[in-house]
Amino acid sequence: MSRRTNVIEWVNPGPDDILWVYPYEDIRWGSVVVVHEYEAAVFMRDGKIYDVLPPGRHTITTQNIPLLTRAYNLVMGYGETPFKARIVFISLKQFKGRFGTSTRVKLGPRTLYMTELQAYGEYWFRVADPVLFLTQVAGAVPELSTPAVTEFLRGLFTEQFIQELANYTAIDVYTRLTEVTTRIKTGTIYEALKQRGIELIDVKIGGVSLPQLEKMEKEDPTYGLPLLLAIQKGEEDKVLEIIRTVETMRALGRSPGVGVLGALVALPQMLPQTMAPQVQQQPQQPQVQQPQQKSPTDKLRELKKMLDEGLITREEYEQLKKEILEEFKRS
């Protein structure tokens, strides 16, 4: 664009361009500013915002930029041309962003274990207040450019999304994804963007996964696969049963399902006294390996106690009892 034309216009913006800064700051009175539909032109000087021109064809006069005119009257008198000003064009169209997050969530409301949950998707937004947008967003980036602003918004959205997602359990996300998405997009994310002049239009979670459990499911399908299926079906009682079974096996010195619990993080401050000893046997502690030193008699007593307390079924009791006795014969 030539500055001799006295026509200031954002020509052929790209589909992802949020803003564009007119490259010259020498502005002449009488120049024409062309603001297309779904755009706004903001006049700035010394980092301060003065006037905003809506869509239309505007000749720069005292009538359509009164605040900037008043500033020049105070500083150097009206009529000097060219005068110094910065013109920033802002697109008011709808834009789409993409996100990918990873955070820890509880497995279920009554399950005192956490695991990693990953989510990805898209969100749609638009600039609703150009002045607020420039002061709160553009002022926080190193340069006024679409890439810098886009990166800032992606980071802001992701940060708020993680905080919101942490309020839900894995079972919530898998069984009530639409409801969870609706609550997330109308919560703190919406307010955080609104405070920066941006309207959050919609959020769509494209997919969720439990990567650590999926890895363990391949290494230990006996317990990993049923645990994943129980979470996806919202069967929290089944989730609790599987974890309790794995804990029992570990307590007896057998650990075919230790990989499952290796993908989980316990919340010891929340556990009741009846489960506290099990939490102390997390894989990172040496005590996890010590149960193997128990005598067969101790193992059988502990096994019978678990049967009496209903922690294992009669079939599981008989099978484990048989294996303990066979191991004793081989020793």
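The following conversation concerns a predicted model of a protein chain.

Colleague: How many helices and strands does the protein chain have?

Modeller: The protein chain has 13 helices and 13 strands. The model is a predicted one.

Colleague: What share of the residues is buried?

Modeller: Of the 331 residues in the protein chain, 43% are buried. The accessible surface comes to about 17500 Å², and carbon and sulfur atoms account for 49% of that surface.

Colleague: What share of the contacts joins residues 24 or more positions apart?

Modeller: Among contacts with a separation of 6 or more, 68% are between residues 24 or more positions apart. I8 and V35 are 27 residues apart in sequence, and their C-alpha atoms are 8.7 Å apart. Y113 and A263 are 150 residues apart in sequence, with a C-alpha to C-alpha distance of 9.7 Å.

Colleague: Where is I8 found, then?

Modeller: I8 is in strand β1, which runs over residues 7–9. Its relative accessible area is 2%, so I8 is buried.

Colleague: And Y113, is that buried or exposed?

Modeller: Y113 counts as buried, because its relative accessibility is 2%. It is found in strand β11.

Colleague: Turning to cavities, how many are there of 30 Å³ or more?

Modeller: The count comes to 1 cavity of 30 Å³ or more. The largest cavity has a volume of about 30 Å³.

Colleague: Which residues line the largest cavity?

Modeller: The lining consists of Y123, F125, L153, F157, L193 and I198. These divide into 6 nonpolar residues, with no polar and no charged ones. Strand β11 (111–127) and helix α3 each supply at least two residues of the lining.

Colleague: Staying with α3, where does T158 sit?

Modeller: T158 is in helix α3, which covers residues 146–165. Leaving aside neighbours within four places in sequence, T158 is in contact with F99, G100 and T101.

Colleague: Why does T158 count as buried?

Modeller: T158 has a relative accessible area of 17%, and buried means under 20%, so T158 falls within that class.

Colleague: Next, helix α5. Which of its residues are buried?

Modeller: In α5, residues 177–185, the buried residues are V180, T181 and I184. They cover an arc of only 100 degrees around the axis, which means that they lie on the same side of α5.

Colleague: What covers the buried residues of α5?

Modeller: The cover includes helices α3, α4 (170–175) and α6 (188–194), together with strand β12 (198–209).

Colleague: One last topic, the backbone. What is the phi value of N12?

Modeller: Phi of N12 is near 50 degrees, which is a positive value in a residue other than glycine. N12 is placed in the loop between β1 and β2 (19–21).

Colleague: Is N12 buried or exposed?

Modeller: N12 counts as exposed, because its relative accessibility is 69%.

Colleague: And what about phi of Y38?

Modeller: Phi of Y38 is near 65 degrees, again a positive value in a residue other than glycine. Y38 lies in the loop between β4 (32–35) and β5 (39–45).

Note on methods:
Residues are numbered from 1 along each chain as its sequence is written. This is a predicted model: local features need pLDDT of at least 70, side-chain atom pairs count only at pLDDT 80 or more; totals for chains, interfaces and linings use all residues. Side-chain values use heavy atoms; hydrogens and water are left out. Helices (H or I, at least four residues) and strands (E, at least two) are DSSP runs, numbered from the N terminus. Buried means under 20% relative accessible area, exposed over 50%, partly exposed in between (1.4 Å probe, protein chains only). Contact means heavy atoms within 4.5 Å. Accessible areas come from the Shrake-Rupley method with a 1.4 Å probe; for residues, only the protein chains shown count as cover. On a 1 Å grid over the protein atoms alone, a cavity is a set of points where a 1.4 Å probe fits but cannot get out, and a pocket is an open set with protein on both sides within 12 Å along at least five of seven lines; lining residues have an atom within 4 Å of a point. Grid points are joined across faces, edges and corners, and a volume is the space filled by probe spheres set on the points. Ala, Val, Leu, Ile, Met, Phe, Trp, Tyr, Cys and Pro count as nonpolar, Asp, Glu, Lys and Arg as charged, and the others, Gly among them, as polar. The arc is that of the directions from the helix axis to the C-beta atoms.
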